[in-house]
Amino acid sequence: MNDLTQQLKERFGFATFRPGQEDVMRAVLAGRDAMAVMPTGQGKSLCYQLPATLLPGLTLVISPLIALMQDQVTAMKQRKIAATAFHSGLTAPEKNRVIQDLQHRRVQLLYLAPERMQHEGFLQLLRALWVSLLVVDEAHCISQWGHDFRPDYLKIGRLRQELTNPPCLALTATATARVQTDVCQRLLLRDPFRLVAGFRRVNLAFSVHHCPSRHDKLAALGRLVRETTTGTVLVYCATRRAVEEVAAWLEQSHPAVGYYHAGLSDEDDGRSMRTFAGEGCESSPRRMRSAWASISRTFGWSSISMYREVWKPTTRKPAAPAVMVGPQPACCCFMNGMWPRRNTSLSRRQKILRGLIGQGE
């Protein structure tokens, strides 16, 4: 057993690495830039979490999702790893506590929202720290060719230079070859180690259902929710309004329904996340039937996509994205008569369907 595997077992309780994880870790521990494209659930986060416990300075993680930051900080603290997050959802006392911990070098792993790079005062604090590794999660957000471009991500390259160019690890679950090249250029990666593990989730079964009307879509969704007797159902809609309308419709026949989107206040946002996680409420994740999000990127048509998370009973973390319909987890997309358009070529239809099932370009 080598030293890295021993650290994996002692720190995280895993006997072996998943494919690609060890290669990425050894690259960043050797001071090399790296980019990893790995499917969701393949363990991208571990590629920097374990090195963070071995590197002498701070590991700084840029992440666009506050909920993900909070979840990972909680998990790291449970493993006695000094992790924290700084974002707009914190109260003033909480922000001051994070700053004090950073100033006293009590943090190994810091999660930071990209918008925070606009604040000069916080940048001055970062410049005074020893950043051993800069991690860019959801790295496709930096590319204008990506599906989820975030302008604030464009500032990361300048931030890296101001931090005296620490090794950088870019992580994403979805990036075409063009996006990968763009990410490497914008982050100024130098001869990076590159790992592309693919996009397909072989444990998921995908299906697309043609529904001529909104009523048909809701009816199909209702049937699937009724047939799903365990776990949590996640439904993605194209707009915030659709999220609230579909949640209200489903709540008429199901007792535990919530919704979540970027238009919620900080208070409602936190309440929704706590309820979904089963904190301080009677409905645990396994009893909360449905939660809603509006971040789905559609392809120019109206759709409702649904899948269910199967939850681990001890950690309340998703074990495998799923809707248990038949022997294999299922992801269902309900589409109306707007798709496919009659003048859509066969090759275009095939490309769209490959995108839906995660085969990429």
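Modeller: Two strands count as paired if DSSP finds at least two bridges between them. Strands (E, at least two residues) and helices (H or I, at least four) are DSSP runs, numbered from the N terminus. This is a predicted model, in which local features need pLDDT of at least 70 and side-chain atom pairs pLDDT 80 or more, while totals for chains, interfaces and linings use all residues. Residues are numbered from 1 along each chain as its sequence is written, and side-chain values use heavy atoms, without hydrogens and water.

Biologist: In S6, which residue is the bridge partner of Leu 134?

Modeller: Cys 168 of S6 is the bridge partner of Leu 134. Strand S6 (residues 168–172) runs parallel to S5, joined by 3 bridges. S5 also pairs with strand S2 (residues 58–62), in the parallel sense, over 5 bridges. There Leu 60 has Leu 134 of S5 as its bridge partner.

Biologist: How many residues of strand S5 are buried?

Modeller: Buried means under 20% relative accessible area, exposed over 50%, and partly exposed in between (1.4 Å probe, protein chains only). In strand S5 (residues 131–136), 6 of 6 residues are buried, and the strand is mostly covered.

Biologist: What is the order of the strands in the open sheet?

Modeller: The order is S3-S4-S2-S5-S6-S1-S7, a sheet of 7 strands with parallel pairing. Strand S3 (83–86) and strand S7 (193–196) are the edge strands, each pairing on one side only. On average, neighbouring strands of this sheet are turned by 15° against each other, direction ignored. For angles, axes are lines fitted to C-alpha atoms (for helices over the stretch in contact), and values run from 0 to 180 degrees between N-to-C directions. Leu 109 in S4 is the bridge partner of Ala 83.

Biologist: Which strands does helix H5 touch?

Modeller: Contact means heavy atoms within 4.5 Å. Helix H5 (residues 92–103) packs on the sheet and touches S2, S3 and S4, its direction making about 130° with that of S3. Helix H2 lies across strand S1 (34–37), S5, S6 and S7, and runs at about 165° to S7.

Biologist: Which residues of helix H1 are buried?

Modeller: In helix H1 (residues 3–12), Leu 4, Thr 5, Leu 8 and Phe 12 are buried. They lie on the same side of H1 because they cover an arc of only 100° around the axis (taken from the directions from the helix axis to the C-beta atoms). Asp 3 and Glu 10, on the other side of H1, are exposed. The cover over the buried residues of H1 includes helix H2 (21–29), helix H3 (46–52) and helix H4 (66–78). Gly 13 follows H1 and has a positive phi, near 80°.

Biologist: How many aromatic pairs does a search of the whole structure find?

Modeller: The search finds 2. Rings of Phe, Tyr and Trp (its six-membered ring) pair if their centres lie within 6.5 Å; planes under 30 degrees apart are stacked, over 60 edge-to-face, the rest tilted. Tyr 48 and Tyr 111 are edge-to-face, at 6.3 Å centre to centre with 65° between the planes. This pair links distant parts of the chain, with Tyr 48 in helix H3 and Tyr 111 in strand S4, 63 residues apart. Both Tyr 48 and Tyr 111 are buried. Phe 86 and Phe 122 form a tilted pair, at 4.5 Å centre to centre with 35° between the planes. Phe 86 is in strand S3 and Phe 122 in helix H6 (residues 120–127), 36 residues apart. Phe 86 and Phe 122 are both buried.
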